[in-house]
Amino acid sequence: MKRKLLDIARRLLILLLVVWTVVSLVTILIELVPGDPATAILGDQATPEALTQFREKHGLDRPAFFFSYTANEEGGPRRFKWNGADNRYVDYWRGILRGDMGNSFRTDRPVRELILSRYGATIQLAVAALLVAVAIAVPLGVVAGTNRGNLLDNALSVIALVGISLPSFVVGPLLIYVFAVWLGWVDPSGRFGWSSIILPAVTLGAALSALLTRMVRSSVIEEMSEDYVRTARAKGLNERTVVYKHVLKNGLIPVVTVLGLQLGVLLAGAIITEKIFNWPGIGLLLVEDGINKRDYRLVQGCVLVISVTYILANTLTDLLYRRLDPRIRVS
Amino acid sequence: MNRLAYFGLVFIVLLVLVALCAPLIATHQVGTTDLLARYKPPSAAHWLGTDATGRDVFSRVVYGARISLQVGLVVVAVSATVGTIIGALAGYYGGWIDRVVSGYVINVFLAFPGLLLAIAIVAFLGQGLNKLIFALCIIGWVGYARVMRGQVLKVREYDFVQAARALGARDWRILLFHVLPNAVQPLIVQASLGMAGAVLSEASLSFLGLGVPPPAPSWGVMLEEARDLSTLARAPHAMLAPGLAIALTVLAFNFLGDGLREYLDPRQRKR
């Protein structure tokens, strides 16, 4: 019990460390922007007053960090200057702890509001992709595993490897070409009605389904050699029941972990899929409204939210996994 | 090695030759647009047809191999070197270096989606080939460091290392001449898989408009330019050609990596 608590504490500590690093990273990365964010947003034609006002409003006139290493106003030599806690890094932290990620440089709306309005669409897409992947992978994996070594198994293995190597920005346009342009079955992009999620979900889930097929296969092969399978067969159960009721129940445990870990990967990968299908999620917000329009405050918020979701999904899976399979706790 | 690995190796050799001899192989000038020959299907004049501005797709795919391989090679070389040095030092000396490297840095990097980090870096730094390479190196070195650390931890306990130490060899000499040569094998596998990852990341970022800037014939850029509905309807080959090039290249490096892993670790064979 004590070891278990220690283990959970360790995971949480790593979680906090990672979150701290991510927040620090997005606050410090904004300093790398070549030139000055205010000029980038308002343009070269902006009046000095407008620039000053913009900087003041978004706190860009304040020191970036606890200390700075710059020349003074007269342009003397560079020197270290201690700024104390009155800096942007602390500002950003204070805001986040209050759930405030600042206001968009472009639209002046709160970043939190912008992200919340898109977050649901991304989660929806990721979960749909997960379902697609499982629906494809479990039957294929079982077929491959129970036909181990023969032609069918080898063919499925090669297909799975090809699937893993196919990036979503190849699969996506291909699907659009076949199902929207050629056959005209679905809308090529956007989010209208339930059918518009099919292509994005398949695109995002394709690589995962290939990976899962391999996992289910090796898991089934491993479980098939267990004693309980022989017992079940000896009882006279037909092969179907043995595989789907007994083997799969145990065989899916490692698959569940991968699923949880992959949910995070799907969230990050959704950026590309959302762009292909114009799916109004947080990834599209990051690329189209954030990066393309140089709305750095929005970029900070999106990167932060996507990474924290990813990290939380991974940590939760890890903790859940330990509960699911008691054997893991021993090792 | 298995047959798929040989396929990978042959494809990679061909790809390298294509990249090196690009000016000889390409049938047209890469940048030349021809508005009278837009959306042309594959023909004798344009082997893979033309795109929305009448550029020859085949020539662009050929030159695209240069960008992909260049990014891949530089990223793998830099990440592998940095990762090896850091991983080897952490594994060999242990102590606080190891606690910082494996306890903090590696854990944090592994808990973070790599592509997102690259996107974030490029988003703030701005677009460009060198910035792209920099971003990919930042996310790339951790994998090598982790592999190397594990290897060095194992190798430094071998008898010949103890013997070298007993003979009074200095640390750097032991590390460089005794430990490293016996620890690099898994690194070769990692490098092959790393090439696949780098090629894929370059294409992903370029596709998002965050990599190599558009007129350059990067496969990711070509895909992005060919995926709008009017181009897709009239010239699907402009999308298929770079898509196939990316997929085959990534597949080839993955096949080679998997094959090398089996070859170098006989315990994994026949599974």
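Modeller: Two residues are in contact here if their C-beta atoms, placed from the backbone, lie within 7 Å. The model is predicted: local features need pLDDT of at least 70, side-chain atom pairs count only at pLDDT 80 or more, and totals for chains, interfaces and linings use all residues. Residues are numbered from 1 along each chain as its sequence is written, while chains are lettered from A and ligands numbered from 1 in the order in which they are written.

By that criterion, 42 residues of chain A are in contact with 35 residues of chain B. Helices (H or I, at least four residues) and strands (E, at least two) are DSSP runs, numbered from the N terminus. On the side of chain A that touches chain B, at least two residues each come from helix 1 (2–29), helix 6 (151–165), helix 7 (168–182), helix 10 (239–277), helix 11 (282–291) and helix 12 (296–324) of chain A. Helix 12 of chain A gives the largest share of that side, eight residues. Its composition by class is 35 nonpolar, six polar and one charged residues; Ala, Val, Leu, Ile, Met, Phe, Trp, Tyr, Cys and Pro count as nonpolar, Asp, Glu, Lys and Arg as charged, and the others, Gly among them, as polar.

One of these contributors, helix 6 of chain A, has 15 residues, and its first and last C-alpha atoms are 21 Å apart, close to the 21 Å expected at 1.5 Å a residue. The expected span of a helix is 1.5 Å times one less than its number of residues. A residue is buried if 20 or more other C-beta atoms lie within 10 Å of its own, exposed if 12 or fewer, and partly exposed in between, with C-beta atoms placed from the backbone. In helix 6 of chain A the buried residues are A:Leu156, A:Ala160, A:Gly163, A:Ile164 and A:Ser165. These pack against helix 5 (111–146) and helix 8 (198–224) of chain A, together with helix 12 (237–264) of chain B.

Helix 12 of chain B is mostly covered, with 20 of its 28 residues buried. At 1.5 Å a residue it should span 40 Å, and its end C-alpha atoms are 40 Å apart, so the two values agree. Just after helix 7 of chain B, B:Gly168 takes a positive phi of about 90°.

As a whole, chain B has twelve helices and zero strands. Of its 271 residues, 49% count as buried, and its C-alpha atoms fill a box of roughly 75 × 45 × 35 Å along the principal axes. In chain B, residues 24 or more positions apart account for 69% of the contacts with a separation of 6 or more.

Returning to chain A, helix 10 and helix 11 of that chain pack at an angle of about 75°, with their axes 7 Å apart; axes are lines fitted to C-alpha atoms, for helices over the stretch in contact, and angles run from 0 to 180 degrees between N-to-C directions. Helix 10 of chain A is therefore roughly perpendicular to helix 11 of chain A, a term for angles of 65 to 115 degrees, whereas those under 35 count as roughly parallel, over 145 as roughly antiparallel and the rest as oblique. In this pairing, A:Ala270, A:Ile271, A:Glu274 and A:Lys275 of helix 10 of chain A meet A:Gly283, A:Leu284, A:Leu286 and A:Val287 of helix 11 of chain A. The classes in this contact are five nonpolar, one polar and two charged residues.

The loop between helix 10 and helix 11 of chain A holds A:Asn278, which has a positive phi of about 55° although it is not a glycine. A:Asn278 has 15 other C-beta atoms within 10 Å and is therefore partly exposed. A:Arg294, in the loop between helix 11 and helix 12 of chain A, also has a positive phi, near 55°, in a residue other than glycine. A:Arg294 counts as partly exposed because it has 17 C-beta neighbours inside 10 Å.

Finally, the largest nonpolar core has 159 residues, and those with the most contacts inside it are A:Ala129, A:Leu266, A:Cys302, B:Ala118 and B:Ile119. Such a core is a set of buried Ala, Val, Leu, Ile, Met, Phe, Trp, Tyr and Cys residues joined through C-beta atoms within 7 Å. Leaving aside its neighbours within four places in sequence, A:Ala129 is in contact with A:Ala201, A:Leu204, A:Gly205, A:Leu208 and A:Leu266.
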